[in-house]
Amino acid sequence: MSRWRPGPGWSEGVAGLDWAPSGSRDALRLRAWVNRLVREFFFARDVLEVETPMMSRAGNTDPNIASFALEFSGRTDGASRTRWLRTSPEFPLKRLLAAGVGDCFELGRVFRDGEAGGRHNPEFTMLEWYRVGWTLEPLMDETVALVQAALSMVGRSATVARVSFRDLYRQQLGVDPMTADLETVRNAAAGIAIDGDGLTRDDWLDLLMTHRLQPTFGHDQIRVVHDYPASQCALAKVVERDGVPVAERFELYLGPLELANGYHELTDAAEQRLRFERDVATRSVRGEDAPAIDEGLLAALAHGMPACAGVALGVDRLLMAMLDTPRIADVVAFDFARA
């Protein structure tokens, strides 16, 4: 694919009007080019593009992600009228994997309640893909290759660095995130202006990442952080490394922006049910309602989902990095304030 070049802006007199787009014409053109790049990238690798539902009977139980719910007024044949807008296409994609679809990807809109601001929009574009029989290593390589291909479209490149979650915290902060007690982790966050009441050890580790570590990541560097604490496993397998359990998971950063989150996927239905139930219990303690657990996913895992690795990449975040802007409003046609 040839290199993208800036084009003409919006019609004269449009900029600044209340109804006008929040993103530039160049940004929308670049988005179209990135969409084309994604499809060509995976077509060349024989990865099938699929489409899955945007609303379903079940939702994401993750206590740190809020879902939108809506009520369906038509026929449900006894099922709940409540439907949940997807926070990612992960669950239906895994059902397709269990049915034998093979390597697949989806490029589409997802929705998260309560996330609006400089870097967040309640609806945004996610690319998610799965590789059957893969472990985390080749998936990290492929994710880096896709990001490098996108950067090359705007005449940029980036160095690549890989580091384990444990080594990153030990080298940069002098804290072992796998073994340090809560007080030690909290002390490392001294000076961060936040009300710490009720924060868990994982919450403090997240604060150290966002406030101490990410700001130091080089502008033209892709940093892949892997092997997270087992307590942050989400839907990833847990293994033991150097005497401690770790989640086989990675996150990819371009400069300070987190772009992607990948797992060596858990395939054990019983373990996944336990994790969902822990999520629901956490939400209950917080006084929050929980979406219905996805029984379809659990049944698919019990049927037999093949060993695989998968990753989700925020397309809007990638565009922000490509255009070197901190505002998601700059890369979407209409941000939340103008939608």
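R273 and E295 form a salt bridge, with 2.8 Å between the closest N and O atoms. This pair links distant parts of the chain, as R273 sits in helix α7 (residues 269–285) and E295 in helix α8 (residues 295–304), 22 residues apart. A salt bridge here is a side-chain nitrogen of Lys or Arg within 4 Å of a carboxyl oxygen of Asp or Glu. Helices (H or I, at least four residues) and strands (E, at least two) are DSSP runs, numbered from the N terminus.

The model is predicted: local features need pLDDT of at least 70, side-chain atom pairs count only at pLDDT 80 or more, and totals for chains, interfaces and linings use all residues. Residues are numbered from 1 along each chain as its sequence is written, and side-chain values use heavy atoms, leaving out hydrogens and water.

R273 is partly exposed, at 31% relative accessible area. E295 is partly exposed too, at 43%. The cut-offs are under 20% relative accessible area for buried, over 50% for exposed, and in between for partly exposed (1.4 Å probe, protein chains only).

Helix α8 also packs against helix α2 (residues 90–99). Their axes lie 9 Å apart, at an angle of about 25°. Axes are lines fitted to C-alpha atoms, for helices over the stretch in contact, and angles run from 0 to 180 degrees between N-to-C directions. The two helices, α2 and α8, are therefore roughly parallel to each other. That label covers angles under 35 degrees; over 145 is roughly antiparallel, 65 to 115 roughly perpendicular, and the rest oblique. From α2, F91, K94, R95 and A98 meet G296, L297, A300, H303 and G304 of α8. Contact means heavy atoms within 4.5 Å.

The whole structure has 26 salt bridges. One of them joins R45 to E142, with the closest N and O atoms 3.6 Å apart. R45 lies in the loop between α1 (25–43) and β1 (48–49) and E142 in helix α3 (residues 136–153), so the pair ties together parts 97 residues apart in sequence. R45 is partly exposed at 34%, whereas E142 is buried at 7%. The pair belongs to a network of salt bridges that links R45, D103, R131 and E142.

R170 pairs with D167, the closest N and O atoms being 3.0 Å apart. Both residues lie in helix α4, three residues apart, about one turn of the helix. An α-helix has 3.6 residues a turn, so residues three or four places apart point the same way. R170 is partly exposed at 39%, and D167 is partly exposed at 28%.

The 13 residues of α6 (residues 201–213) reach 17 Å from first C-alpha to last, close to the 18 Å expected at 1.5 Å a residue. That expected span is 1.5 Å times one less than the number of residues. Buried residues in α6 are D202, D203, W204, L205, L207, L208, M209 and L213. Their cover includes α4, α5 (182–188), β8 (221–229) and β10 (244–254).

Strand β8 holds D227. Phi of D227 is near 60°, a positive value in a residue other than glycine. D227 is buried, at 12% relative accessibility. D77 also has a positive phi, of about 55°, although it is not a glycine. D77 lies in the loop between β3 (69–71) and β4 (82–85). D77 is exposed, at 61%.
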